[in-house]
Amino acid sequence: MDDRQRYDRATAALEPPFAILDLAAMRANAADLVRRAAGKPIRVASKSVRSRAVLERILAMDGFRGIMAFTLPEALWLAGQGFTDILVAYPTADRHALAALAADPRAAAEIAITVDSREQLDFVEKAVSGAHPRAELRLSLDVDAGYVALGGKFRAGALRSPVREPHQAADLATAIAKRPGLRLVGVMAYEAQIAGVGDDPPGNAAFARVVRLMQARSARELIVRRGRIVHAVRQIADLEFVNGGGTGSIETTVREKAVTEVAAGSGFFHPRLFDFYRRFSGRPAALFALPVVRRPGPDTVTVLGGGYLASGPPGPSRLPQPYLPAGLRYAQDEGAGEVQTPLLGQAAQELRVGDRVWFRHAKAGEMCERFDTLHLVDGDTVTESVPTYRGEGRTFL
Ligand SMILES: Cc1ncc(COP(=O)(O)O)c(C=O)c1O
């Protein structure tokens, strides 16, 4: 039985649109992340999963420790559900959530929030000033891990923290140390230009060479700079963790002595954008099914829904991939539609009204903002159906 037959059989009783998670594929992907981490623990990036039940299953596997959350309300919710060791990896300006964190010593002991400036420290202090009790807040310092060359004319990596050099990190660590009620417990430096950029982009050999060169240089530069930053901060604060990397960079990130853990999330579902790396491959684990509802012509079918675009720079790479049956493509003028999506190609000939077309999202967790349930497929049966964040009424972003 091929995957399409297996998924069709497992979900025969369901009405599309719906989403599935192939458990065997996800477990194999998880095992490969652990292998690549070579003994260092992996913090699970919840934004790329967005299902509490799936996060629990991942954390029950060997090799994973802690959550990398994307908002403070999410982290508070997860802590309330029994999750521990949660790093909110992006700064927060949510005054209510900050006040709730400070007023909840149990949550405050499990959650670290991200800062990269004095302005944020002032904001946080003001937000928690009225909290009773007022627990100490755990902070993580976000450091720019981007790659800069040609005297600043070339830059690769996400535009995030303004803190880049060891002395800047030490200055902020000192400022934190002077503020009672705030404690620096971690450093995070995410090299998006390696972790999130495939080094094997299709159909553009010259660009691929540039990407590889940039990534090799960036990795070399980071070994030195991240090491110095961590050394400088450790003179000032007792760090519990130094986090780096993501699904696409695990093996290079863990090589750095200064790094104590890596983050990963996308690797579990293995969405479309992660097909373009030479260092690893994965099995598509999260899919959604849309029903064929009409046939505009012999080589064309139309499915219901489909316009579930991924975030990031707009372009074809952000579209879902029509995955099974293989060989379907979008109509140039329509792409993936709001309510319906025409699909072209020979494979359309064999499809009938009511058949399913299986898609992969371009990114991982965003698919779960479209569906309230993930049907867990084991072999050719659905063994369980679990809620996504959305299914629990939680749309944090
Ligand atoms: C801080 C941070 N770490 C790690 C990651 C990597 O996550 P993933 O493995 O899902 O690509 C991201 C993704 O944007 C991130 O923002």
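# Briefing: side-chain contacts and burial

D144 counts as buried, at 7% relative accessibility. Buried means under 20% relative accessible area, exposed means over 50%, and partly exposed lies in between (1.4 Å probe, protein chains only). The model is predicted, so local features need pLDDT of at least 70 and side-chain atom pairs count only at pLDDT 80 or more, while totals for chains, interfaces and linings use all residues. Residues are numbered from 1 along each chain as its sequence is written, and side-chain values use heavy atoms, with hydrogens and water left out.

**Salt bridges**

- The structure holds 32 salt bridges. Each is a side-chain nitrogen of Lys or Arg within 4 Å of a carboxyl oxygen of Asp or Glu.
- One of them pairs E350 with R4, with the closest N and O atoms 3.3 Å apart. E350 lies in the loop between β16 and β17 (356–360) and R4 in helix α1 (residues 3–10), so this pair ties together parts that are 346 residues apart in sequence. Helices (H or I, at least four residues) and strands (E, at least two) are DSSP runs, numbered from the N terminus.
- D144 meets R164 in another salt bridge, at 2.9 Å from N to O. The pair links distant parts of the chain, 20 residues apart: R164 sits in the loop between β8 (154–156) and α8 (166–177), and D144 in the loop between β6 (137–142) and β7 (147–149).
- R164 is buried too, at 15% relative accessibility.

- D199 and R278 form a salt bridge, with the closest N and O atoms 3.4 Å apart. D199 is in the loop between α9 (192–195) and α10 (205–234), and R278 is in the loop between α12 (266–269) and β12 (286–297). That pair links distant parts of the chain, 79 residues apart.
- Shared partners join the salt bridges of R36, D199, E251, R278 and R279 into one network.
- R36 belongs to helix α2 (residues 23–37). Its relative accessible area is 4%, so R36 is buried.
- The side chains of R36 and E251 are joined by a polar contact of 2.7 Å. A polar contact is a pair of N or O atoms within 3.5 Å; within protein, one must be able to donate a hydrogen and the other to accept it, and residues adjacent in sequence count only if both atoms are side-chain atoms.
- R36 also reaches T247: a polar atom of the R36 side chain lies 2.8 Å from the T247 backbone oxygen.

**Aromatic pairs**

- A search of the whole structure finds 15 aromatic pairs. Rings of Phe, Tyr and Trp (its six-membered ring) pair if their centres lie within 6.5 Å; planes under 30 degrees apart count as stacked, over 60 as edge-to-face and the rest as tilted.
- F70 and Y389 are stacked, 6.3 Å centre to centre with 20 degrees between the planes. F70 lies in the loop between β3 (64–69) and α4 (72–80) and Y389 in the segment after β19 (381–387), so the pair ties together parts that are 319 residues apart in sequence. Both residues are buried.
- F70 also pairs with F396, edge-to-face, at 6.4 Å centre to centre and 80 degrees between the planes. This pair links distant parts of the chain, with F396 in the segment after β19, 326 residues from F70.
- F70 has 7% relative accessibility. F396 is buried at 16% relative accessible area.
- F70, W77, Y389 and F396 make up one aromatic cluster.

**Charges over rings**

- The charged end of R43 sits over the F241 ring, 5.0 Å from its centre. The test is NZ of Lys or CZ of Arg within 6 Å of the ring centre and within 35 degrees of the ring normal.
- R360 places its charged end over the ring of Y323, 5.6 Å from the centre.

**Surface**

- V293, L304 and V339 form a nonpolar surface patch, with about 220 Å² of accessible area together. Patches are made of residues with over 30% relative accessible area and no salt bridge; like charges are joined within 9 Å, and nonpolar side chains (Val, Leu, Ile, Met, Phe, Trp, Tyr) within 5 Å. Accessible areas come from the Shrake-Rupley method with a 1.4 Å probe; for residues, only the protein chains shown count as cover.
- V339 is placed in the loop between β15 (329–330) and β16 (340–344).
- A13 is in the loop between α1 and β1 (18–22). A13 is exposed, at 77% relative accessible area.
- The C-alpha atoms of A13 and T341 are separated by 23 Å, and the two residues are 328 apart along the chain.
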